[in-house]
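Reader: Hey, I've just opened this one and I'm new to it. Can we walk through it together?

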Amino acid sequence: MNLCPAIRVLSLFCVSGLAALAAPRFTERLISDQFTYPYGIMAADLDGDGDVDLTASDARGKNSLYWFENDGAGKFTRHLIHFQAPPAYRLERHMIADLNQDGRPDVVIVENSSGDLRWLENPGATRIRETWAPHFITLSSNVPGAYDVDVGDIDGDGRPDVVASSWRLGNMFTLHRNPGPQGAEETRWPQTTLAENLLETRMVRLGDIDGDGDPDVVGTATRSGLLLWLENPGRATARPWTQHVVAVSPRAAHGQVVDMDKDGDLDVLMAAGFAHDLVPSERFPILQEIAWHENLGNGADWEKHVIDQPFEQAFEAVASDLDGDGDMDAVASAWRAGPGVALAWFEAVDGGWVRHVLKDAWPRAVQVIVADLDGDGRPDVAACAEGNTRELRWWRNEGPAPAGK
């Protein structure tokens with residue numbers, strides 16, 4: 001296990017108070033405020049009509065998953081597609097993918113309190129507004145505190161598999177191999193523990209970090225202060241997954257595996273700072289930042305670039321070319337209880353970064369995603385906030401218009 005990689009640090013701080021030329025303007029729109037505890041959102045064309053819809057989980061009281069049907073112009077209608085009766089009450093983060101390979105996007109979602117994973121089968125256009133049939137990947141707390149998921153073909157058999165993290169109750173990352181078509185008696189997906197004894201495993205994402213053609217796992221262990229990647233052994237399924245450290249990153253929470261510098265390999269964008277009960281110490285200093293970690297070659301060496309610091313209670317960061325200038329910008333949320341920036345985007349400008357505030361004083365902002373929600377060719381932003389806020393909103397990118405629009 002490689003726990004001491006060569007890590008170099010380069011700080012590129014946000015240029016506060018500057019306004020970049022032709023930076024796009026965003027207009028804010030409320031999608032829904034009728035939640036008890038929104039903690040996970042995703043975007044995909046669920047009904048096959050050519051526009052991007054949204055899904056949003058509603059844990060605790062309602063314990064539901066909603067599909068927000070897009071009319072094509074960014075107006076949304078809510079439909080209930082899954083409900084979990086008490087006592088389970090934490091349907092949270094999820095991913096959209098075609099699990100049964102019928103050409104329709106399904107949803108794989110965690111149930112945090114019982115520690116199980118399930119996938120919800122898209123019934124097709126004629127019944128899509130009804131509840132979707134649930135199928136259980138695991139049961140009986142096989143993934144204690146099931147927290148986050150991603151989907152990809154791990155073993156090269158052509159079927160989408162699932163990886164998961166298990167928060168503080170499990171402190172591990174797991175792999176669940178897709179067994180293929182099932183009969184009337186569904187079998188649980190074979191489960192492999194990829195790494196364990198990592199404190200508070202949160203983000204889990206797939207990406208080919210070492211460039212060998214198969215997807216590796218990137219994850220955070222917040223209480224261990226680690227951002228790491230797990231090397232896929234390929235078809236040698238009996239071999240263990242080798243653990244590598246990207247960075248010692250206290251309070252690393254959520255981010256994205258993405259080619260930030262467009263050099264052909266995958267980097268890691270990360271929000272570090274989220275903690276609701278950690279006391280600052282030598283091991284867990286007050287590190288509140290958005291940064292990207294540059295892959296210097298096959299995941300062996302990494303160089304850290306700070307985008308913004310401090311960004312208090314940084315929760316999640318995702319990347320997109322928001323201004324259409326050809327380079328990657330970033331968007332980040334902050335899990336704050338009081339005043340301060342809750343949602344911002346960071347414009348890449350001349351080797352530095354300019355912060356643009358999307359939302360102030362929006363308590364407990366959590367998941368943020370980027371998608372073209374109105375079909376105008378420009379990436380928009382959607383985010384949800386839990387706590388006392390309990391909302392799903394989106395921010396329309398007003399330009400400049402992309403080429404050809």
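Predicted model: local features only at pLDDT ≥ 70, side-chain atom pairs only at ≥ 80, totals over all residues.

Reader: OK, back to Gln84. Where is it, and is it buried or exposed?

Author: Gln84 sits in the loop between β6 (76-83) and β7 (91-97). Gln84 counts as buried because its relative accessible area is 19%; buried means under 20%, exposed over 50%, and partly exposed in between, using a 1.4 Å probe and protein chains only.

Reader: What does Gln84 touch?

Author: Leaving out residues up to four places away in sequence, Gln84 touches Asn63, Leu91 and Arg118. Contact means heavy atoms within 4.5 Å. Asn63 is 21 residues from Gln84 along the chain, and their C-alpha atoms are separated by 5.7 Å.

Reader: What about the nonpolar cores, how many residues are in the largest?

Author: The largest nonpolar core has 53 residues, and those with the most contacts inside it are Phe68, Val108, Leu117, Val149, Val162 and Leu392. A second, separate core has 20 residues, including Val258 and Phe346. A nonpolar core is a set of buried Ala, Val, Leu, Ile, Met, Phe, Trp, Tyr and Cys residues joined through side-chain atoms within 4.5 Å.

Reader: And which residues does Val149 touch?

Author: Not counting residues up to four places away in sequence, the list includes Val108, Leu117, Val162, Val204 and Arg205.

Reader: Arg205, noted. Which residues lie nearest the centre of the largest pocket?

Author: Arg205 is one of those, along with Met42, Gln256, Val318 and Ile369, and 17 residues line the pocket. About 300 Å³ of space lies in it.

Reader: What counts as a pocket?

Author: On a 1 Å grid over the protein atoms alone, with a 1.4 Å probe, a pocket is an open set of points with protein on both sides within 12 Å along at least five of seven lines, and lining residues have an atom within 4 Å of a point. The volume is the space filled by probe spheres set on the points, which are joined across faces, edges and corners.

Reader: Which strand gives the largest share of the lining?

Author: β27, with five residues. β3 (41-44), β15 (201-207), β19 (252-258), β23 (314-320) and β27 (365-371) each supply at least two.

Reader: New topic: where's Ser57, and what does its side chain reach?

Author: Ser57 is in strand β4 (residues 53-58), and its side chain reaches the backbone oxygen of Glu92 at 3.1 Å. Ser57 counts as buried because its relative accessibility is 0%.

Reader: Which peptide bond is cis?

Author: The one from Gln309 to Pro310, with omega near 0 degrees. Pro310 is in the loop between β22 and β23. Asp308 is in strand β22 (residues 301-308), and a 2.5 Å polar contact joins its side chain to that of Arg355.

Reader: Last one. Is Asp350 buried or exposed?

Author: Asp350 counts as exposed because its relative accessibility is 82%. Asp350 lies in the loop between β25 (341-349) and β26 (352-360), and has a positive phi near 50 degrees though it is a residue other than glycine. Arg251 also isn't a glycine and has a positive phi, about 70 degrees, but Arg251 is buried, with a relative accessible area of 4%.

Notes
Residues numbered from 1 in each chain as written. Heavy atoms only, no water. Helix = DSSP H or I, 4+ residues; strand = E, 2+ residues; numbered from the N terminus. Polar contact = N/O pair within 3.5 Å; in protein donor to acceptor, adjacent residues only side chain to side chain.
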